[in-house]
Amino acid sequence: PDARVADLCAAPGGKAIALGAKGNMVLAADASLRRLRLVRENVRRAQEMAGEGRHLRVYTAQADARSPAVGEVDMVLLDVPCTGTGTLRRSPDVRWKVTPARLAALTALQERILHVCAEAVPKGGILVYSTCSLEPEENEDQIAAFLRKHPDFRVEAGSGVDERYLDGLGQLCVLPQSFGFDGTFAARLRRSR
């Protein structure tokens, strides 16, 4: 609570709203104005549901995560654009959009976003990287490459997460065939210096 959070790939806004409901001040940014409108609408609805006595401190801004307009914050959340292969059960059309060229383009975009946004994380701060993909290039490989270039960050298992969803490094790794719901990956990275 009371952390300053920058959710820099925010649409549709669910994670920003959840963090705001815990008392955090959240900047929810997205590059797409159309998708940012969805964030604003979802924040408005969540505020109505929270009631007059509670104010969600979720603020929106159109901004591109490849060059974020944010200074140091306590936590940066990056739910990056990805292939979405973890959602195949719900969205079978995803399979027709995944090609080697698209995967390569997305991993390059993810890498850029991750490296640029790391600059907004101060010593002791947290960077959360997540996808709804099952591809190692977008997940474990992406984090391993990031850590090689940024030795001042380390993976830190989050509290309150059932250990069966964590891999050997403490990263969230949900496989649909194992758990019966959408696949997802997330790494919580703490800056040590």
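In this predicted model, Asp-152 is buried, at a relative accessible area of 11%. Its partner in a salt bridge is Arg-191, with 2.7 Å between the closest N and O atoms. Asp-152 sits in the loop between helix H4 (140–149) and strand E6 (153–155), whereas Arg-191 belongs to strand E8 (residues 184–191), so the pair ties together parts that are 39 residues apart in sequence. Arg-191 is buried as well, with a relative accessible area of 12%.

Another pair joins Asp-64 and Arg-66, whose side chains meet in a salt bridge at 2.6 Å, N to O. Here Asp-64 is partly exposed at 25% relative accessibility, and Arg-66 is partly exposed at 36%.

Glu-41 has a relative accessible area of 29% and counts as partly exposed, as does Arg-45 at 40%. Both residues belong to a network of salt bridges that also links Arg-44 and Glu-48.

Turning to the whole protein, the count comes to 14 salt bridges. There are 27 positive and 24 negative side chains, and the centres of the two sets lie 3 Å apart. The fold comprises 5 helices and 8 strands, running β-α-β-α-β-β-α-β-α-β-β-α-β from the N terminus. The radius of gyration is 16 Å, close to the 16 Å given by the globule rule for 193 residues, so the protein is as compact as a globular protein of that length. Of the 193 residues, 41% count as buried.

Notes: Residues are numbered from 1 along each chain as its sequence is written. This is a predicted model: local features need pLDDT of at least 70, side-chain atom pairs count only at pLDDT 80 or more; totals for chains, interfaces and linings use all residues. Side-chain values use heavy atoms; hydrogens and water are left out. Helices (H or I, at least four residues) and strands (E, at least two) are DSSP runs, numbered from the N terminus. The radius of gyration is taken over C-alpha atoms; the globule rule is 2.2 Å times the number of residues to the power 0.38. Buried means under 20% relative accessible area, exposed over 50%, partly exposed in between (1.4 Å probe, protein chains only). Lys and Arg count as positive and Asp and Glu as negative; His and the chain ends are not counted. The place of a charge is taken as NZ of Lys, CZ of Arg, CG of Asp or CD of Glu. A salt bridge is a side-chain nitrogen of Lys or Arg within 4 Å of a carboxyl oxygen of Asp or Glu.
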